[in-house]
Structure formats: C-alpha cells, structure tokens
Amino acid sequence: MQKYSVFSLIKNAFTNHMNWEVAWKDPVPKKEYDVIIIGGGGHGLATAYYLAKEHKITNVAIIEKGWIGGGNVGRNTTIIRSNFMYDANARFNEFGMELWRNLSQELNFNVMFSPRGIINLAHSDAQMNAYARRGNSMRLNGIDAKLLNREEVKKHIPMADFSDDVRFPIFGGLMQPSAGTARHDAVAWGYARQADAMGVDIIQHCEVEGFDVVNGKIQGVRTSKGEIKAKKVGLCVAGSTNILAEKLNMTLPIETHVLQACVSEPVKPVLDGVVTFGAGHFYISQSDKGEMVMGGDLDGYNSYAQRGNLPTIQHVLTGGLALFPFLSRLKMLRTWGGIMDMSMDGSPIIDKTHIEGLYLNCGWCYGGFKSTPVSGWTFAHTIAQDRLHELNSELTLNRFSTGYLLDEKGLGTKTWIS
Amino acid sequence: MLHIKCPFCGLRAQKEFAYGGDATVKRPELNKEVSKEDWDNFVYMRKSPRGKHLELWHHISGCRQWFKVERDTATHEIFKTAKMSEEI
C-alpha cells in the first residue's frame with residue numbers, strides 16, 4: 001500500500017494526481033471466509049480492521065448493501081466525547097478516546113480529530129447539581145471534567161444569549177476539554193483502506209437476503225451476489241438491525257427512528273468546541289469549513305426513511321435560536337436524516353447471541369460515531385475470542401431481562417423521546 | 001409534515017399529536033402469573049418493522065383521545081386510523 005505523506009502528495013502532483021493507487025479494491029466475493037461482517041459503516045470497517053490487525057484474522061469480508069460510509073458514519077454531527085456517568089459507558093468510551101488520539105497516525109489517514117472540548121449547558125441549580133455529580137463520576141474514571149460557572153461559560157461562548165430576560169438563563173455547564181470532533185468520512189475511508197491492505201474483502205452493493213443457520217450454528221449468509229459461507233458472522237447495521245433480526249427470527253430491545261441534522265452556510269470562526277443546550281435538545285459545533293453543524297431531537301415516530309420532517313427541524317432550531325440568537329441571520333445549507341438503532345436504555349449492545357457464531361453490534365442510539373474505534377476494537381475481540389472483552393462485558397443483550405440496565409439518562413423505554 | 005386523521009376530529013397536522021409507540025404490544029393480563037419472558041417482551045422487545053406499522057397516537061392538542069394508526073415506516077403513508085375499541 002502506498003503511504004500517504006507530503007512527499008507522495010508532491011510526487012503525484014507532477015502527474016496531475018492521475019496515478020494514485022485505489023484506496024480499496026472491488027473484489028468478487030469468495031465462497032467462504034473466516035468472518036463476515038455485515039455493514040460497511042464505521043463500526044463494520046473498524047471491526048474488520050481490528051480483526052486483521054489485533055487478531056491476525058485477515059480472511060474477512062465486509063458486506064455492504066449500498067456503499068461504504070454511506071449510512072450513519074456519513075450522516076452524523078462528528079462529535080466525539082466520553083462524558084458518561086456509568087462506569088461501563090465511561091470506561092468503554094474513554095478507551096475509545098485513547099484510540100481516537102492516535103487514529104490519524106495509525107491509519108495513515110488524516111481523520112482530523114480535533115479535541116476542542118464539549119460544554120453541556122445547565123439552566124437551573126438542579127441541573128448544575130446533576131452535572132457536578134456526573135463530572136465527579138467522570139473524574140473517578142479518569143476522564144477530564146470541569147464544572148464551569150456562568151462567567152467561565154461566557155469566556156468560552158460569549159456569543160450565547162447571556163441577557164437577563166431569557167426563558168432559560170445559563171447557570172453554568174459541564175465541560176469535557178478532551179472531547180471534540182473529527183472528519184467522519186475520513187474515519188470510514190481510513191479504516192477501509194487499511195483493512196483492505198491487510199486482505200479484508202470489501203464487498204459493496206451486496207445485500208444480505210438471509211442467513212444459513214443449522215442446529216443453532218451460523219453457516220453463512222445468502223446475498224444478492226450468491227451464498228457466502230462463514231463460521232462467524234457479525235452484524236453492524238445500526239438502523240437496519242431489526243430488518244436482519246427478523247430474518248433470524250430474533251426480536252430485539254431496539255426501535256428504529258430517524259434523526260435529522262443540518263448545516264448552515266459557512267461563516268468565519270465563531271464557535272470553538274461543541275455546545276449542547278440544556279433546556280431543549282440541541283447541539284452545535286462549527287466545522288473546519290465554517291458551517292454550523294446542528295442537531296437535536298428524533299422525529300419522534302418509528303421510521304426507516306433516511307430523511308426527516310420539517311416540524312422537527314423547526315423545533316430543534318427554536319432551541320438553537322434561544323441559545324444563539326445570531327443563528328437567525330444564517331441560511332440553512334442542508335438538512336438530512338439517518339436511521340438510528342434506538343435501544344431501550346440508551347446504551348449499545350455488543351454481544352454474542354443465542355445462535356453460535358452470530359455476533360451483535362447495535363443499539364447505538366444517536367451516539368455511534370464517537371464510539372467507532374472502540375466499538376470495532378471490542379467487537380473484533382468478541383468475534384475473534386468468542387467472548388466479551390472487559391470493556392463490553394456490561395453491554396450485553398440480556399441486561400434487559402436481568403435488570404442491569406445502562407440507562408444513562410433514566411428516560412425509560414420510550415425510545416422516541418430519549 | 002404528516003397529516004393524521006383523528007377518528008374523532010378528522011384530518012389534522014402532525015403538530016397536534018404525540019406519538020405513543022407500537023400498538024401491537026399487549027400488557028400481560030392483570031392478576032395472573034406473569035413469566036419473566038412475557039414481561040421482557042412487553043417492556044423491551046419490539047419488532048420495529050420496515051413497512052406497515054400499527055401504532056398509537058395521542059391527539060394531545062385536540063380531543064386528547066388515544067387512537068390507532070396504520071402507517072408505513074419507510075414512506076410515512078398512513079393507511080388507516082381507528083378508535084382504540086376498533087380493529088384495524
């Protein structure tokens with residue numbers, strides 16, 4: 001594989017960039033693989049990469065119905081954080097932060113990880129107390145957390161509405177300085193390129209139509225490009241999890257909902273890190289191109305449409321305007337939607353299933369992007385060793401029946417309001 | 001914007017309604033032994049189909065009645081709405 005560097009860039013400039021090697025091949029599927037990963041998104045690609053790199057399993061296929069990186073890894077708001085309260089989520093995502101910090105070097109692909117910090121705003125004394133508690137929990141798990149008062153918040157985001165007559169005055173906020181953003185597509189492409197170089201077959205435009213299960217053991221999958229055998233199959237299909245689960249006669253504690261995001265026209269730098277509104281569901285950051293990247297609530301009803309509805313955008317931006325009145329002057333450039341695998345407690349599932357050789361990676365709700373590296377890392381471990389890693393030992397499927405929920409927000413099972 | 005036909009008030013804009021989730025989920029019967037599995041299925045497990053989905057809506061800014069809606073989760077086409085006492 002050609003190494004990307006300033007020298008290769010200069011060298012290729014002389015030939016008008018016509019002689020770059022393809023970043024990944026377009027192979028014809030083999031009859032059999034050691035492992036099949038269904039879903040060529042961030043998590044699937046990362047899983048294949050860590051299977052090859054950490055576990056030396058290179059006879060791996062990634063099967064993707066569309067094209068790699070065309071789903072949620074290309075549709076998110078690129079936020080990376082580990083500001084969780086529960087130990088299982090905090091440790092899992094903090095390990096992920098460690099992977100993020102070295103990812104560009106490791107993949108020889110600039111994922112533009114930019115740790116500019118995240119501030120969750122508080123608008124009441126009760127919310128400040130809750131954030132103090134969460135911040136303390138984070139620090140006990142070795143995660144940086146800073147409780148900011150109103151004046152400190154003002155230093156970070158002077159353009160927010162700090163006037164006295166607002167409905168939800170800013171009391172302060174909880175900041176994780178090491179959180180940030182990354183270039184989402186680069187994450188998918190970087191993992192794909194390295195996985196391909198190590199021998200992983202990336203098979204695009206290939207739909208999984210069914211599964212071969214004999215005596216409770218997985219034998220392979222039936223696809224639009226024929227049958228492909230494998231003793232181990234991993235599901236990394238986010239919002240399509242329930243569709244494939246139905247083919248396996250499985251019912252899961254997951255519902256699929258559409259979440260929208262939007263960007264404004266690009267403007268000069270105005271916002272450094274990520275900010276979340278505490279009195280409504282709204283989060284915002286500014287991309288390197290200058291666009292304000294915003295998101296908020298789910299549309300609020302089960303949906304497989306990868307596009308959303310205007311009332312939700314309006315509702316989300318109402319919250320945005322309450323916080324940052326200057327947004328009213330900006331034109332909206334794009335809105336789009338992605339389908340989320342909303343789990344019933346708001347935390348993900350990385351686990352084995354009752355079918356031998358079938359592994360499940362789902363339930364990311366709308367926080368899947370930040371966990372891309374650690375999800376791939378732990379899922380690869382789970383598949384390769386046929387047992388859970390300590391990091392995902394609590395992200396099990398049976399936590400719903402045993403009662404060991406990871407209900408970070410304690411919102412109950414109405415996934416559409418979480 | 002969805003346009004939902006409330007069985008009591010007629011066609012109204014989505015903003016008047018609140019979503020209530022999968023309408024095929026049934027609470028285990030009262031005053032009977034409930035197995036762990038039945039309880040899990042009721043509380044947590046959802047089919048979440050792509051296509052026709054029977055769901056509950058609440059006309060929260062209108063007559064405040066709950067009712068059933070049969071809607072396509074991929075196209076958002078609404079096929080039918082019915083009162084809680086009616087079958088779809």
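Analyst: Start with strand pairing: two strands pair if DSSP finds at least two bridges between them. The model here is predicted. In it, Val69(B) stands opposite Thr81(B) of strand β6(B).

User: In which sense do β5 and β6 of chain B pair, and over how many bridges?

Analyst: The pairing of β5 (residues 66–72) of chain B with β6 (residues 78–83) of chain B is antiparallel, over five bridges. The two strands make a hairpin with five residues between them. In its turn, His76(B) has a positive phi of about 70°. In a regular strand, side chains alternate between the two faces of the sheet.

User: How is chain A divided?

Analyst: Chain A has domain 1 (6–109 + 183–253 + 350–417) and domain 2 (118–178 + 256–343). Their centres, taken over C-alpha atoms, are 27 Å apart. Contacts join 28 residues of domain 1 of chain A to 32 residues of domain 2 of chain A. On the domain 1 side, α3(A) gives the largest share, five residues. By class, that side has 11 nonpolar, 12 polar and five charged residues.

User: Which residues touch the most other members of the largest nonpolar core?

Analyst: They are Ile36(A), Ile38(A), Leu45(A), Ala48(A) and Val60(A), in a core of 116 residues. Helix α2 (residues 42–55) of chain A gives the largest share, seven residues. Domains 1 and 2 of chain A both contribute residues, so this core lies between them. Beyond its neighbours within four places in sequence, Leu45(A) has contacts that include Ile62(A), Ile68(A) and Tyr191(A). A second, separate core has eight residues, among them Phe17(B), Tyr19(B), Phe67(B) and Val69(B).

Terms used:
Residues numbered from 1 in each chain as written. Chains lettered and ligands numbered in written order. Predicted model: local features only at pLDDT ≥ 70, side-chain atom pairs only at ≥ 80, totals over all residues. Helix = DSSP H or I, 4+ residues; strand = E, 2+ residues; numbered from the N terminus. Core = buried A, V, L, I, M, F, W, Y, C linked by C-beta atoms within 7 Å. Buried ≥ 20, exposed ≤ 12 C-beta atoms within 10 Å, placed from the backbone. Domains from an automatic or database assignment. Contact = placed C-beta atoms within 7 Å. Nonpolar A, V, L, I, M, F, W, Y, C, P; charged D, E, K, R; others polar.
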